[in-house]
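Got a structure open and wondering how anyone decides what to call things in it? Let's take a look together.

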Amino acid sequence: MNDYGRGGPVSPTLPPVRTRLTDLAEQAGVSTATVSRVLNGKHGVSAQARQAVLAALDVLGYERPEKLRTRSAGLVGLVVPELSNPVFPAFAQVIETMLTERGYTPLLCTQSPGGTTEDQYVEMLLEHAVDGIVFVSGLHADTTASKERYHRLRSRGMPIVLVNGFAEGVDAPSVSTDDSAALDLAFRHLVSLGHRSIGLAIGPERFVPAARKRVEFAVNLERHLGVTDPDGHVVTTLFTVEGGQAAALELIDSGHTAIICGSDLMALGAIRAARSRGLSVPGDLSVVGFDDSPLIAFTDPPLTTVRQPVLSMGHAAVSALVGEINGTPASRTELKFHPELIVRGSTGAAPVLTSVAVTAEAPAVL
């Protein structure tokens with residue numbers, strides 16, 4: 001039996017086999033049986049699980065078995081927000097896959113409210129001597145957050161790439177969806193359907209993508225509808241289902257027949273709000289999302305949304321980071337990717353508003 005099977009000899013430089021398998025399984029988020037199969041080079045393990053085990057070996061400082069010695073080119077940190085919004089797992093999957101294809105071992109760091117912070121994750125990544133870090137929609141996208149954390153990383157020579165949230169003055173490549181183009185696509189679509197009362201449900205405007213969408217919304221209101229004051233047509237809330245529902249209720253009550261949302265989750269909340277008012281989507285209210293998250297095409301109704309080019313953006317981010325690691329600096333000009341409008345069942349023609357004749361014999365009851 002080989003060194004990694006039950007009963008085999010234990011390397012003097014490693015802990016006992018049972019403890020080692022348990023540690024690796026916990027780090028990789030798989031079973032000890034899966035760890036054993038990977039270490040023994042057996043079939044029947046998914047590529048994702050295999051990569052997780054190899055990453056766990058690197059992170060915990062274990063040497064890979066000889067048969068698995070396709071040595072990692074290095075460790076790369078990937079910091080993303082909470083995973084409840086499915087667009088972030090989509091970004092993580094694309095970036096991790098592309099890093100792996102280039103020989104790097106990705107270390108995924110996901111945040112959650114009240115959990116480990118971005119700064120704490122960065123400290124852990126530095127302790128693991130990562131070769132670079134990709135930040136997706138992190139504090140770099142928050143205009144109220146200090147950029148000093150990124151300046152410190154760059155001052156020590158750490159290559160970083162920022163995704164979705166250009167940070168002025170930070171010495172790093174930046175990859176973003178063109179938020180202005182995304183809003184313009186959504187607005188033009190609704191105008192073409194006859195809508196003249198269009199609202200915007202957006203997340204906190206301290207975030208660069210939200211601020212850019214709001215600015216473009218104001219431009220479109222004036223350009224297409226002659227509205228010069230956008231305030232009554234914009235509701236700022238959270239990028240969540242609940243946030244979208246609250247914003248949509250306000251916009252519905254103020255007479256809007258169409259709503260553009262800052263995320264797909266917000267759009268699902270808007271649809272819920274319409275139904276709570278006894279309205280149909282798209283018969284009474286049209287809703288447009290943003291992201292084109294996985295499975296969003298299977299909602300009821302299927303959601304019209306603006307698709308982020310996740311695959312292209314992930315490829316660009318990884319290419320830029322690998323170039324930085326290898327001493328070939330990428331451009332510091334923000335690289336913007338054009339989104340795509342995906343028309344499905346949540347948008348339709350503007351409802352026809354009927355008027356009630358008022359006569360002296362039959363006064364209207366208001």
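This is a predicted model: local features need pLDDT of at least 70, side-chain atom pairs count only at pLDDT 80 or more; totals for chains, interfaces and linings use all residues.

Q: What makes up the secondary structure of the chain?
A: The chain has eleven helices and twelve strands.

Q: How much of the chain is buried?
A: Of the 366 residues in the chain, buried ones make up 50%. To get that label, a residue needs a relative accessible area under 20%.

Q: What share of the contacts in the chain with a separation of 6 or more comes from residues 24 or more positions apart?
A: That share is 69%.

Q: Why is Cys 109 called buried?
A: The cut-off is under 20% relative accessible area. Cys 109 has 6% relative accessibility, so it counts as buried.

Q: And what makes Cys 261 buried?
A: Its relative accessible area is 2%. Buried means under 20%, so Cys 261 gets the label.

Q: How many disulfides are there?
A: The count is zero. To be counted, a pair of cysteine sulfur atoms has to be within 2.5 Å, and by this rule nothing is counted here.

Q: Which residues touch the most other members of the largest nonpolar core?
A: Those are Val 136 and Val 163, in a core of 27 residues. Two or more residues each come from strand S1 (74–80), helix H4 (87–101), strand S3 (132–136), strand S4 (160–163) and helix H11 (310–325). H4 gives the most, with nine residues.

Q: What is Val 136 in contact with, leaving aside its neighbours within four places in sequence?
A: Val 136 is in contact with Leu 78, Val 79, Val 80, Pro 81, Phe 88, Phe 91, Ile 95 and Val 163. Contact here means heavy atoms within 4.5 Å. Apart from this core lies another one, of 20 residues, including Leu 107, Val 130, Tyr 150 and Val 170.

Q: How do you know whether helices H5 and H6 are roughly parallel or roughly antiparallel?
A: Look at the angle between their axes. The axes of H5 (residues 118–127) and H6 (residues 148–155) come within 12 Å and cross at roughly 10 degrees. Angles under 35 degrees count as roughly parallel, so H5 and H6 are roughly parallel to each other.

Q: Which residues meet where H5 and H6 are in contact?
A: From H5 there are Glu 118, Asp 119, Val 122 and Leu 126, and they meet Arg 149, Tyr 150 and Leu 153 in H6. The residues of this contact divide into four nonpolar, no polar and three charged.

Q: Is His 128 buried, exposed or partly exposed, and what decides that?
A: Buried means under 20% and exposed over 50%, with partly exposed in between. His 128 has 32% relative accessibility, so it counts as partly exposed. You'll find His 128 in the loop between H5 and S3. Leaving aside neighbours within four places in sequence, His 128 is in contact with Val 59, Leu 75 and Leu 107. His 128 and Gly 77 are 51 residues apart in sequence, and their C-alpha atoms are 9.5 Å apart in space.

Q: Why does Pro 329 count as exposed?
A: Exposed means over 50%. Pro 329 has 63% relative accessibility, so it counts as exposed. Pro 329 is in the loop between H11 and strand S11 (335–337). Not counting residues up to four places away in sequence, Pro 329 touches Gly 323 and Glu 324.

Q: Where are the peptide bonds with omega of about 15 degrees and near -5 degrees?
A: A cis bond with omega of about 15 degrees joins Val 281 and Pro 282. Pro 282 is in the loop between helix H10 (264–276) and strand S9 (286–291). The bond from Asp 300 to Pro 301 is cis too, with omega near -5 degrees. Pro 301 sits in the loop between S9 and strand S10 (304–307).

Q: What makes the phi of Ser 137 worth a mention?
A: Most residues other than glycine have a negative phi. Ser 137 is not a glycine, yet its phi is positive, about 50 degrees. Ser 137 lies in the loop between S3 and H6. With a relative accessible area of 25%, Ser 137 is partly exposed.

Q: Is Asp 291 buried or exposed, and how do you know?
A: The relative accessible area of Asp 291 is 5%. Buried means under 20%, so Asp 291 is buried. Asp 291 lies in strand S9, and has a positive phi of about 130 degrees although it is not a glycine.

Definitions and conventions:
Residues are numbered from 1 along each chain as its sequence is written. Side-chain values use heavy atoms; hydrogens and water are left out. Buried means under 20% relative accessible area, exposed over 50%, partly exposed in between (1.4 Å probe, protein chains only). A nonpolar core is a set of buried Ala, Val, Leu, Ile, Met, Phe, Trp, Tyr and Cys residues joined through side-chain atoms within 4.5 Å. Helices (H or I, at least four residues) and strands (E, at least two) are DSSP runs, numbered from the N terminus. Axes are lines fitted to C-alpha atoms, for helices over the stretch in contact, and angles run from 0 to 180 degrees between N-to-C directions. Angles under 35 degrees count as roughly parallel, over 145 as roughly antiparallel, 65 to 115 as roughly perpendicular and the rest as oblique. Ala, Val, Leu, Ile, Met, Phe, Trp, Tyr, Cys and Pro count as nonpolar, Asp, Glu, Lys and Arg as charged, and the others, Gly among them, as polar.
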